[in-house]
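Hi there,

Here is the structure I promised to pass on to you. Please have a look at it first, and then read my notes below.

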Amino acid sequence: MPVLASLAHAAAHGSGSMATTAEQAVFERRATRRAVARERMNFLVFLGPAIVLTVLFFIIPVLIDVAVSFTDMGRSLKVTGFTLDQYHKVFAGDRRLPQIIGMTAIYVLGTLSIFNVTFGLILALVTTAISRASGSFFRGVWLLPRMSPSVLYILLWLWVVDPSKMGLLNQILMNGFGVAGPVDLKTQAPVALIIIANGFIGASMGMIIFTSAIRGIPEHLFHAARVDGAGVFAQTWFVTLPALRWPISFVTIYQTLSLLVSFEYILLLTKGGPFYDTTVLALYVYRRAFESGQYGYGAALALFLIVIGVIFALLGWRFFDMQRLLQRPRIEVQ
Amino acid sequence: MAVEATANGMGAAPPTAAVDWSRLAARARNARRARATVVYAFLIAASVPIILPYFWLVTVAFSAKLGVAETGVLWRSMLILVPAVIALWLAIALTRNRRQMWIAVAAVAVVTTGLFAWLIGPDLWLGNFMFLWTPDFASVVRSRVGEVKGAVDFPNIWNAFGNSILLAGSQTAIVVAVASLAGYYLSRFQFPGRTAMLRSLLVLHAFPVLTLIVPLFLMLYFIGLLDTLLGVILVLVAFELPFAIFIMKGFFDAVPWDVEMSALTDGASRRQAFLRVVLPQVTNGMLAISVFTFIRGWEEYIFVLTFLVRNTNWTMSLYMFYVRDDLMGVDYGVVSAVGVFYLVPSLLLYLAAQRFLMQMSISGVKG
């Protein structure tokens, strides 16, 4: 618009003298300045709130975390001096840490390979093989855990594995299968328990993504395979699975990350116990900071976990075409 | 399998002999039926472990008079519910059009309700929901089993309910407003550092936010927002923003820019064009984000547990947690009634917003 205005102005006074050209230059400069000011204002109006909130509650905490990890802050929140002790503890001093990291690996790989990818894939394949309505019905059932608030979902699990005779599992085992006494999964098989409880939720994400990918495969490929004599398994192996390569790697990377850093369900279900048997790294950070009050050590551990997480995320993006997400904007009018 | 059988049959038959088509068709039909049976058997077996606990929750909430589930009621309602679910599924699968389907579903619903009223009706017991009108319900429950003083001092449930609504609602409002503005700017304007900003948004989206709980706790403590709802709201908003901005950017990218361009040529400013022309085109995106953020706020547990202390600041998740912590083993009926009360809004929101959420998850995957 400013350009138009100055053009109109030039046309009105267009007698061809030197004065008009100078005047025009002044106008143009003023118009440019106004455009720049508007540009800045737009930036502030549109992006300002997002930037302020993100910096205040996202960037600054990271900086605080780095700062605190170099101190000896404890429960009293007092800092007496700067030290590298916390990092010494992370890399050499803490003898429990190797066990925690091993546990984290078992938990992430176990949940991922059994439920999030494999079972999610099976559910997607099976529910797309039957009629559409029945398929959505069963997918809806498997989405139920994801739709329930975490506290409630774990409440149900605590009921199922209740160590007394009232527990659902114990009722089924004792009445249906003639098992002698009540079993206590929380102490006898805690790792399996947290993997299953998380897997029931994790499977649904893979299921949804794989389902929409399978729906996207052109029908004629299946017809062609069938004409060539392919059975159900051959169709799955040679037609469906190759089309799912991208979704499968996406789910794997995404879920690895979220399993690595989440501990909500474990905290609610076993509190990381018995002792430290089901404490994964993320939960260990939380327990160190808020149970033992070692804020400095917690911060150092958190930083360690952040580095692992970010490395995983960056590695993951190498597999994907991230540039596609960053396409250039299409309108550049102020 | 069916096709394989046909192919083999054709191969085996000598070229001159007539092919027994009807026999082959029957064999194919049987193979297909066998396969469907296996598939359904698997799906039903896989769904039972999920449905059973929820079923238990609801039944206990509405029928347990003495604090424990009565086996008879459980069996009887099972007897009604299992055929009802099968009938419902048949109604959906076998009917040919929408109208028939709704009629069949309504018929099943009426019959099931009738059966429930007849067989379970006498056992219906709403006393478990007394927490809705008796703030000090824990003592009442405890006095039944002889214990007098509980460990937890419960606030009024409506207080926790209001806090949850306030938390989730204001979080939603802020996220939607801020993410729409930022998403539009990132989608339409070129400025130095745009690519870097998008990249850092992706990093922030993948960032392990739960690890920031220690520094956030310290920060909120120092600026005096610890144990206030405002502090939790701001923290949760910051964590939801990167994802929400990305989703909104995707929705803005999908709006054809001719629409906007014509608004600009008609003399609208960028802001007017944004408010009057583009924003109405992305209502679906805004709805998707609202529902998603609201549910996240409603469910939030770790941050409220760590940042909120006073029981007048409790949200529903904390209320649920402490009810479970305090009364599990004392009275299952009340615990499950609170559970039902907490679960239903979440489920209703998901059901109402299914369409938008599907759109979002797909565009989220695509970027």
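**What I found**

In chain B, 76% of the contacts with a separation of 6 or more are between residues 24 or more positions apart, a contact being heavy atoms within 4.5 Å. For chain A the corresponding share is 66%.

Before going further, a word on conventions. This is a predicted model, in which local features need pLDDT of at least 70 and side-chain atom pairs count only at pLDDT 80 or more, while totals for chains, interfaces and linings use all residues. Residues are numbered from 1 along each chain as its sequence is written, chains are lettered from A and ligands numbered from 1 in the order in which they are written, and side-chain values use heavy atoms, with hydrogens and water left out.

**The two chains**

Chain B has 15 helices and zero strands, and chain A likewise has 15 helices and zero strands. These elements are DSSP runs numbered from the N terminus (helices: H or I, at least four residues; strands: E, at least two). Of the 367 residues in chain B, 48% are buried; in chain A, buried residues are 47% of 334. Here buried means under 20% relative accessible area, exposed means over 50%, and partly exposed is in between (1.4 Å probe, protein chains only).

**The interface**

On the chain B side, 105 residues are in contact with 100 residues of chain A. The two chains bury about 9,600 Å² between them, and 79% of that is on carbon and sulfur atoms; this buried area is the accessible area (1.4 Å probe) that two parts lose on being put together, summed over both. Helix 2 (residues 21-63) of chain B gives the most to the side of chain B that touches chain A, with 16 residues. By class, that side of chain B has 79 nonpolar, 13 polar and 13 charged residues. The classes are Ala, Val, Leu, Ile, Met, Phe, Trp, Tyr, Cys and Pro as nonpolar, Asp, Glu, Lys and Arg as charged, and the others, Gly among them, as polar.

How many salt bridges does the rule find across the interface of chain B and chain A? The number is zero, where a salt bridge is a side-chain nitrogen of Lys or Arg within 4 Å of a carboxyl oxygen of Asp or Glu. Five residue pairs are in polar contact across this interface (both at pLDDT 80 or more). A polar contact is a pair of N or O atoms within 3.5 Å; within protein, one must be able to donate a hydrogen and the other to accept it, and residues adjacent in sequence count only if both atoms are side-chain atoms.

**The cores**

The largest nonpolar core has 189 residues, of which Trp142(A), Phe137(B) and Tyr319(B) touch the most other members. Such a core is a set of buried Ala, Val, Leu, Ile, Met, Phe, Trp, Tyr and Cys residues joined through side-chain atoms within 4.5 Å. Helix 9 (residues 229-254) of chain B gives the most to this core, with 17 residues. Leaving aside neighbours within four places in sequence, Trp142(A) is in contact with residues including Phe119(A), Phe200(A), Met207(A), Ala46(B) and Ile50(B).

**Salt bridges**

Over all chains, a search of the whole structure finds seven salt bridges. Asp227(B) and Arg310(B) form one of them (3.1 Å, N to O). Asp227(B) lies in the loop between helix 8 (213-222) and helix 9 of chain B and Arg310(B) in the loop between helix 13 (302-307) and helix 14 (316-327), so the pair ties together parts that are 83 residues apart in sequence. Asp227(B) is buried at 12% relative accessibility, whereas Arg310(B) is partly exposed at 47%.

Glu240(B) and Arg296(B) also meet in a salt bridge (3.3 Å, N to O). This pair ties together helix 9 and helix 12 (residues 283-299) of chain B, in parts 56 residues apart in sequence. Glu240(B) is buried at 8%, and Arg296(B) is partly exposed at 38%.

Lys249(B) and Asp253(B) are paired too (2.9 Å, N to O), and both are buried. Salt bridges that share partners also join Arg188(B), Glu260(B) and Arg270(B) into one network.

**Two loop residues**

Lys271(A), not a glycine, has a positive phi of about 60°, and Phe275(A) has a positive phi near 55°. Phe275(A) lies in the loop between helix 13 and helix 14 of chain A and is exposed, with a relative accessible area of 61%.

Best wishes
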